[in-house]
Amino acid sequence: MGSEDRGCCDKCAKMFIMVINIIIILIGGAILAAGLYWQLSETGFYKEIFNHDIFNIPIVSIVVGALLLLVGICGFFGACCEVMFLLKVYMGFLILIMLVEIILAVGCVAMKSEVEEYATNKTYEFIGYYGDEAKDEADIIKKTVDAIQENFECCGVTGPDDWPNYNAAYKSETAPERTVPDSCCKDPDSAGCGSAKTISDNENIYKIGCKVSMINFVENNLLYVGIVSGVIVILQISILVMVSKLRTTLEDESYENF
């Protein structure tokens, strides 16, 4: 039996694998490019936010992006050119990726407090760098912090008092008229709102910290996270089934031709 005599299921399986792996190649290329950009960037923000003594995100992004490219290429050419060896390698990669996902999920749960502590300390550093031209050459830290406070309707990490405590420019003794950035204001269009009054007297700023606000956001959207995770798992299982189907078909054809 030749490829022209195959049924609809076999043809659909081959097409499905090819399309999925084109998407994987594009995603892998994007992650690899982002990792290279972060690693080679001279902007202080990227060095501060992404580099870590143990978990260096730019390097991890480069490795993950390169692996996704390799996996996508194996899957695409394995299905397109019907190369049995590449399909076997591809199935091995898929099984390995699923095992890694399980390990990472367990690790994230087990190291939740460590991750939370690291993120909290890093955010305190960003507050200290806010408005510092030496640490934030392109105002990226400022824009990022402003965006977080405006979108999550919060101020500081645990509250607005974090600003005078961690940023010298907002300490009352050096600048009594400035208490918090305007991104802490409930009305972002009201210029100077953050410096209009002291923190305790200013009712126009958010009093909740961004840490609590972001945790609440995640908890309120756990259902969507679960749905997305479920879709990813189903998709991975579907890919494994399709690859197994195509592999079985190719093996049957090779036995018949032999």
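**Disulfides, aromatic pairs and a helix**

The torsion about the S-S bond of cysteine 154 and cysteine 210 is about 90 degrees, so this disulfide is right-handed. Its two ends lie in distant parts of the chain, 56 residues apart: cysteine 154 sits in the loop between α6 and α7, and cysteine 210 in helix α8. The S to S distance is 2.0 Å. Please bear in mind that this is a predicted model.

Are these two cysteines buried or exposed? Cysteine 154 has 0% relative accessibility and therefore counts as buried; cysteine 210, at 8%, is buried as well.

The structure holds two disulfides. The other joins cysteine 155 to cysteine 184, with the sulfur atoms 2.1 Å apart. Here the S-S torsion is about 80 degrees, so this disulfide is right-handed too. It also links distant parts of the chain, since cysteine 155 is in the loop between α6 and α7 and cysteine 184 in the loop between α7 and α8, 29 residues apart. Cysteine 155 is buried, at 0% relative accessibility, and cysteine 184 is likewise buried at 0%.

Cysteine 80 is partly exposed, with 34% relative accessibility.

I turn now to the aromatic residues. The structure holds four aromatic pairs, and I shall present two of them. In one, the rings of tyrosine 124 and tyrosine 166 have centres 4.2 Å apart and planes at 15 degrees, so the pair is stacked. Tyrosine 124 counts as buried at 15% relative accessibility, whereas tyrosine 166 is partly exposed at 41%.

In the other, phenylalanine 152 and phenylalanine 217 have ring centres 5.4 Å apart and planes at 90 degrees, so the pair is edge-to-face. Phenylalanine 152 belongs to the loop between α6 (140-151) and α7, and phenylalanine 217 to helix α8 (residues 210-220), 65 residues apart.

Finally, helix α1. Its 33 residues (8-40) should span 48 Å at 1.5 Å a residue, and the end C-alpha atoms are 48 Å apart, which agrees. Its buried residues include Ile17, Ile24, Gly28 and Leu32.

Key
Residues are numbered from 1 along each chain as its sequence is written. This is a predicted model: local features need pLDDT of at least 70, side-chain atom pairs count only at pLDDT 80 or more; totals for chains, interfaces and linings use all residues. Side-chain values use heavy atoms; hydrogens and water are left out. Helices (H or I, at least four residues) and strands (E, at least two) are DSSP runs, numbered from the N terminus. The expected span of a helix is 1.5 Å times one less than its number of residues. Buried means under 20% relative accessible area, exposed over 50%, partly exposed in between (1.4 Å probe, protein chains only). Rings of Phe, Tyr and Trp (its six-membered ring) pair if their centres lie within 6.5 Å; planes under 30 degrees apart count as stacked, over 60 as edge-to-face and the rest as tilted. A disulfide is a pair of cysteine sulfur atoms within 2.5 Å.
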